[in-house]
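Have the coordinates open while you read.

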Amino acid sequence: MILVGLTGGIGAGKSTVSAGLAARGAVIVDADAIVHEVQRPGMPVVAAMVERFGSEVVGRDGALDRAAVAKIVFNDPDALKDLNKIVHPAVNREIARQALAHRASNDVVVLDIPLLLDSDRRKNVSAIVVVDCPVDVAVERIVRFRGMSEEDARARVSRQVDRETRLAAATLVIDNAGDEAALAQRIDEAWAWMQTLPAATAEDLAPLDKLVADAAV
């Protein structure tokens with residue numbers, strides 16, 4: 001398989017690019033979807049979150065109250081670190097498991113990870129694709145599509161890896177400052193390029209193998 005990382009700041013359009021790549025034949029390993037999966041009622045991650053943050057982070061039905069969690073960790077760096085220590089290992093194991101299911105194939109497997117540049121997974125991929133647009137464009141999209149105020153949108157942007165750092169880490173940049181037709185062309189070009197990349201080696205996949213093996217112990 002060919003293993004590619006996909007990332008981008010909030011409002012850049014990463015989800016749209018991910019869906020476009022899936023439509024063209026890519027296998028998408030979606031970190032956001034995995035986060036929701038490991039945080040289903042009754043999962044060990046939820047139990048650990050209740051132990052750390054209290055029963056107020058779940059509703060009567062046992063479902064995680066994400067707004068309550070966000071309120072706790074928003075301005076508390078220590079609480080955020082503790083949350084990440086609970087959630088990230090489970091998410092990383094599931095990312096590894098889903099990716100390795102395609103190791104013997106010719107598939108292009110895209111690790112769709114918002115925090116890819118903060119993750120060890122960046123070391124396992126053949127290339128990093130960054131979806132990019134100017135900050136003002138991203139903020140306008142966040143306000144329009146997510147219903148946030150401009151102040152909240154800019155605060156969200158400011159807490160992420162800055163645009164310059166993402167661009168410096170990119171093997172390929174998909175410019176999403178234009179319209180849908182322009183983005184579709186960029187996705188076509190990116191998809192054609194991805195299929196020319198070298199396959200992941202055993203050395204590349206060894207850290208993923210270890211994550212899955214450790215989970216089985």
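Leaving aside residues up to four places away in sequence, proline 134 touches Arg163 and Ala177. Keep in mind that this is a predicted model. Proline 134 sits in the loop between E4 and helix H6 (135–146). Alanine 12 is 122 residues from proline 134 in sequence, yet the C-alpha to C-alpha distance is 8.2 Å.

Now for asparagine 124, which lies in the loop that runs between strand E3 (108–112) and strand E4 (127–132). Its side chain makes a polar contact of 3.0 Å with the side chain of arginine 121. Again not counting residues up to four places away in sequence, asparagine 124 touches Leu3, Asp204, Pro207 and Leu208.

| Residue | Relative accessible area | Class |
|---|---|---|
| Asparagine 124 | 2% | buried |
| Proline 134 | 29% | partly exposed |

On to the nonpolar packing. The largest nonpolar core has 36 residues, and Leu3, Met49, Phe53, Ile95, Val109 and Leu111 touch the most other members. Elements giving two or more residues to this core include strand E2 (27–30), helix H3 (44–53), helix H5 (77–100) and helix H10 (202–216). Which element gives the most to this core? That's H5, with 10 residues.

Isoleucine 95 touches Val29, Ala31, Ile34, Leu111, Ile113 and Arg121, with residues up to four places away in sequence not counted.

Conventions: Residues numbered from 1 in each chain as written. Predicted model: local features only at pLDDT ≥ 70, side-chain atom pairs only at ≥ 80, totals over all residues. Heavy atoms only, no water. Helix = DSSP H or I, 4+ residues; strand = E, 2+ residues; numbered from the N terminus. Buried < 20%, exposed > 50% of the residue type's maximum accessible area, 1.4 Å probe, protein only. Polar contact = N/O pair within 3.5 Å; in protein donor to acceptor, adjacent residues only side chain to side chain. Contact = heavy atoms within 4.5 Å. Core = buried A, V, L, I, M, F, W, Y, C linked by side-chain atoms within 4.5 Å.
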